[in-house]
Amino acid sequence: MKNYNRFFKFIDIFLGIMMGIMVVFVFLNVILRFVFNTGLASSEEVSRYTFVFMTFIGAIVAMREGEHLCVDMLVKRFPKKGQLISSIIVNVIIIIMMTILTLGSIKMVIQSSGAKTAVLGLPFSFLYSICILTGVCIGILAIEKMYMAIKHPEDFKLEENDYIEKEFTNNYKEIDQ
């Protein structure tokens, strides 16, 4: 469990570093273009690929934190057992989709093994490998969530992040007063 938490701490730090790299390269390129009427050719590729990696790695973090966008208005009205079953079905679908993503990404990595990016010369297989990491990690997290829902149903509860519902209820209370 300690290594598990350490892995996600590393991911958080890695996301921060990538964000910093992207901001520096974009800012540097903007300054170079406006002040010196030139730019770095590599800056666009670095910022693009950094953004793609941040998106895929951020999806892993969002899955762990339960922050992915979901429509749960109906599910919240189910009894607890219905919510459990719904959660298990959703996680099975996630596992299937992540298996498809991982297998497709493995094929892309193999097919693009000789191709390189235009400016930086990075192998495309390296760039496509982020999809493999994302698929495996999100699949493992879905298995963990399913396991917890089955083994410890008494601890299961839907997230209470109803910002919109809270906002509307607070506004109605203010209007009624």
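This is a predicted model: local features need pLDDT of at least 70, side-chain atom pairs count only at pLDDT 80 or more; totals for chains, interfaces and linings use all residues.
Residues are numbered from 1 along each chain as its sequence is written, and side-chain values use heavy atoms, with hydrogens and water left out. The protein chain holds five helices and zero strands; helices (H or I, at least four residues) and strands (E, at least two) are DSSP runs, numbered from the N terminus.

**The chain as a whole**

- Read from the N terminus on, the elements of the protein chain follow the order α-α-α-α-α.
- Of the 177 residues in the protein chain, 29% are buried; buried means under 20% relative accessible area, exposed over 50% and partly exposed in between (1.4 Å probe, protein chains only).
- The protein chain has an accessible surface of about 12,400 Å², and carbon and sulfur atoms account for 69% of that surface. Accessible areas come from the Shrake-Rupley method with a 1.4 Å probe, and for residues only the protein chains shown count as cover.
- When contacts between residues at least 6 apart in sequence are considered, 73% of them join residues at least 24 apart. Contact means heavy atoms within 4.5 Å.

**Helices H3 and H4**

- Helix H3 spans residues 80-111 and helix H4 spans residues 124-151; their axes come within 8 Å and cross at roughly 160°. Axes are lines fitted to C-alpha atoms, for helices over the stretch in contact, and angles run from 0 to 180 degrees between N-to-C directions.
- H3 and H4 are therefore roughly antiparallel to each other.
- The crossing in which H3 passes H4 is left-handed. A crossing is left-handed if the near helix is turned anticlockwise from the far one by less than a right angle, and right-handed if clockwise.
- The contact of H3 with H4 comprises 20 nonpolar, eight polar and one charged residues. In this classification Ala, Val, Leu, Ile, Met, Phe, Trp, Tyr, Cys and Pro count as nonpolar, Asp, Glu, Lys and Arg as charged, and the others, Gly among them, as polar.
- Ser87 belongs to helix H3 and counts as buried, at 16% relative accessibility. The C-alpha atoms of Ser87 and Ala142 are separated by 9.8 Å, although these residues are 55 residues apart along the chain.
- Ile143 belongs to helix H4 and counts as partly exposed, at 47% relative accessibility. Between the C-alpha atoms of Ile143 and Ile88, which are 55 residues apart along the chain, the separation is 9.2 Å.

**Helices H1 and H2**

- Helix H1 (residues 2-36) and helix H2 (residues 41-65) have axes that come within 9 Å and cross at roughly 150°. That angle makes H1 roughly antiparallel to H2.
- H1 and H2 cross in a left-handed manner. Sorted by class, their contact has 18 nonpolar, six polar and two charged residues.
- Phe27 lies in helix H1 and is exposed, with a relative accessible area of 55%. The C-alpha atoms of Phe27 and Ser43 are 9.5 Å apart, and the two residues are 16 residues apart along the chain.
- Asn29 also has its place in helix H1, but Asn29 is buried, with a relative accessible area of 8%. Beyond its neighbours within four places in sequence, Asn29 is in contact with Thr38, Gly39, Leu40 and Ser43.

**The loop between H1 and H2**

- Asn37 is located in the loop between H1 and H2 and is exposed, with a relative accessible area of 72%.
- Most residues other than glycine have a negative phi. Asn37 is not a glycine, yet its phi is positive, at about 55°.

**Helices H2 and H4**

- The axes of H2 and H4 come within 9 Å and cross at roughly 5°, which makes H2 roughly parallel to H4.
- Residues of H2 in this contact include Tyr49, Phe53, Phe56 and Ile57, and among those of H4 are Phe124, Phe126, Leu127 and Ile130.
- By class, the contact of H2 with H4 has 17 nonpolar, one polar and two charged residues.

Methods. Angles under 35 degrees count as roughly parallel, over 145 as roughly antiparallel, 65 to 115 as roughly perpendicular and the rest as oblique.
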